[in-house]
Amino acid sequence: LKKNRGLGSDEAIKTFKLGFADRTLGLRLPQKNRLAGADIRERLTRLGLYRESGHEHFNGCVVFPILSATGKITGLYGRKIVEQQTVGLAKHLYLPGPHRGLWNPACLASREIILCEAVIDALTFWQNGHRHVTTAYGVEGFTAEMEDAIVAAKVTRVWIAFDRDEAGDRGAAKVAERLLSRGVECRRVLFPHN
């Protein structure tokens, strides 16, 4: 991320508790032929951190915790950065199940926020001084929880900074419609097309 996007400052790593999944999780656990090792691997599989195959779900990813309003980790986002491992595989990974939580809940202290399409986009804004930023889970990933948090925080304006492609434009329009109906002004950040 540092080479391609200029991201990964020590401040960002510390603030957002960023990590990297490098296949060493299994080495840090009790052996799987022991009761404690089998138990923890089963729990990690139920959570989605381990796959049924015994491999780390986020292997080769920079991992971003997603937090609840109270600061508890409710989800994880992983961005593949090890290219040889990504041939034909998804570059964006989440835990299974519905998306919950809000990335950078501190943004809700501002009356205006920037809403991005992806965590990496939001981190780019944050690292460049726009700390009042959060993200949806892709163009169709703006949740009711996010909407309710924005309204409850009395945010007055949301700058929708989704990608400027057909999917991003369609997703931004849906988000704007939802927020406008609840009294939140919306503006679209117009990047160059594609």
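Predicted model: local features only at pLDDT ≥ 70, side-chain atom pairs only at ≥ 80, totals over all residues.
Visitor: What volume does the largest pocket have?
Guide: About 310 Å³. A pocket is an open set of points on a 1 Å grid over the protein atoms alone, where a 1.4 Å probe fits, with protein on both sides within 12 Å along at least five of seven lines. The volume is the space filled by probe spheres set on the points.

Visitor: Which residues lie nearest its centre?
Guide: Phe 20, Ala 21, Leu 25, Glu 56 and Val 63. The lining has 13 residues; a lining residue has an atom within 4 Å of a point. Strand E1 (19-20) and helix H3 (25-28) each give two or more of them. Helices (H or I, at least four residues) and strands (E, at least two) are DSSP runs, numbered from the N terminus.

Visitor: And the second largest pocket, which strand gives the most to its lining?
Guide: E3, with 4 residues. That pocket holds about 250 Å³. It is lined by 16 residues, and Thr 74, Gly 75, Leu 76, Leu 95 and Pro 96 are the closest to its centre.

Visitor: New topic. How many residues does helix H7 have?
Guide: H7 has 15 residues, 166-180. At 1.5 Å times one less than that number, H7 should span 21 Å, and its end C-alpha atoms are 21 Å apart, so the two agree.

Visitor: Which residues of H7 are buried?
Guide: Gly 168, Gly 171, Ala 172, Val 175, Ala 176 and Leu 179. Buried means under 20% relative accessible area, and exposed means over 50% (1.4 Å probe, protein chains only).

Visitor: What is on the face turned away?
Guide: The exposed residues Glu 166 and Glu 177.

Visitor: Last one. Is Asn 104 buried or exposed?
Guide: Buried, with a relative accessible area of 7%. Asn 104 is in the loop between strand E4 (92-94) and E5.

Visitor: What does Asn 104 touch?
Guide: Phe 16, Trp 126, Arg 131 and Val 133, not counting residues up to four places away in sequence. Contact means heavy atoms within 4.5 Å.

Terms used:
Residues numbered from 1 in each chain as written. Heavy atoms only, no water.
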